[in-house]
Amino acid sequence: MIFGRSERGKPPVEPVTLKILVAGGFGVGKTTLVGAVSEIRPLRTEELLTEAGRPVDDTSGVEGKRTTTVAMDFGRITLREDLVLYLFGTPGQERFWFMWDELSEGALGAVVLADTRRLEDCFAAVDYFERRSIPFLVGVNCFEGADRYPAEAIRQALDLDDGVPLLLCDARDRESVKEILIGVVQHAMAYQADRRQTVTT
């Protein structure tokens, strides 16, 4: 793009921008996911874990974690010339959940990131989006050394509705994350279309 005109002489395309949330438990890989795929340097609000936070920050299963997101992560990815996603990673600890309402305002959909070693940590995110009728997809972050389970077994453990997509992913891998994001956009679009059809009939 040069001075508002495309290099081929075509008029510039005004992209559609969509907001996607990335939620899940503490230490599940939300910051990593946003960073793996963002085409801009991600905005991060991470702080060091301290002794003062030890009583409230459950690090079992993620003992090597040294920082935590205290507000949000922000990134951007262009999926097509006319489609840009803004990614907002939510803080994982319960004491920062009050921010979720602000962050979810205007969101098309959400990715709930899950870790099979601490599956119960994503229950709150699943419940949050279900109660607010925000379409979401569950991405199971396959950590090295974690036990592998069939997708159907994880779906049953999370008690997901049949219509909620569940995909296995690697939050460090750009292509894997892109598949997750494309999946949540497709699911959210289909969800909105179904709701419009229900209203008109």
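D127 is partly exposed because its relative accessibility is 34%, where buried means under 20% relative accessible area, exposed over 50% and partly exposed in between, with a 1.4 Å probe and protein chains only. This is a predicted model, in which local features need pLDDT of at least 70 and side-chain atom pairs count only at pLDDT 80 or more, while totals for chains, interfaces and linings use all residues. Residues are numbered from 1 along each chain as its sequence is written, and side-chain values use heavy atoms, with hydrogens and water left out.

**Salt bridges**
- The structure holds 9 salt bridges, each being a side-chain nitrogen of Lys or Arg within 4 Å of a carboxyl oxygen of Asp or Glu.
- D127 pairs with R131 at 2.8 Å, N to O; the two are about one helical turn apart because they are 4 residues apart in helix α3.
- R131 counts as exposed, at 54% relative accessibility.
- In helix α4, R155 and E152 are 3 residues apart, and the closest N and O atoms of their salt bridge are 4.0 Å apart.
- R155 is buried at 13% relative accessibility, whereas E152 is partly exposed at 46%.
- D82 and R80 form a salt bridge with closest N and O atoms 2.9 Å apart.
- A network of salt bridges links E144, D170 and R172.

**Overall build**
- The protein chain has 5 helices and 7 strands; helices (H or I, at least four residues) and strands (E, at least two) are DSSP runs, numbered from the N terminus.
- Their order from the N terminus is β-α-β-β-β-α-β-α-β-α-β-α.
- Of the 201 residues of the protein chain, 44% count as buried.
- Among contacts (heavy atoms within 4.5 Å) with a separation of 6 or more, 72% come from residues 24 or more positions apart.

**Loops and backbone**
- S133 lies in the loop between α3 (123-131) and β6 (136-141), and its phi is near 55°, a positive value in a residue other than glycine.
- S133 is partly exposed, with a relative accessible area of 34%.
- D159, in the loop between α4 and β7, also has a positive phi, near 55°.
- Most residues other than glycine have a negative phi.
- D159 counts as exposed, at 62% relative accessibility.
- D161 is in the loop between α4 (151-158) and β7 (166-169) and is partly exposed at 48% relative accessibility.
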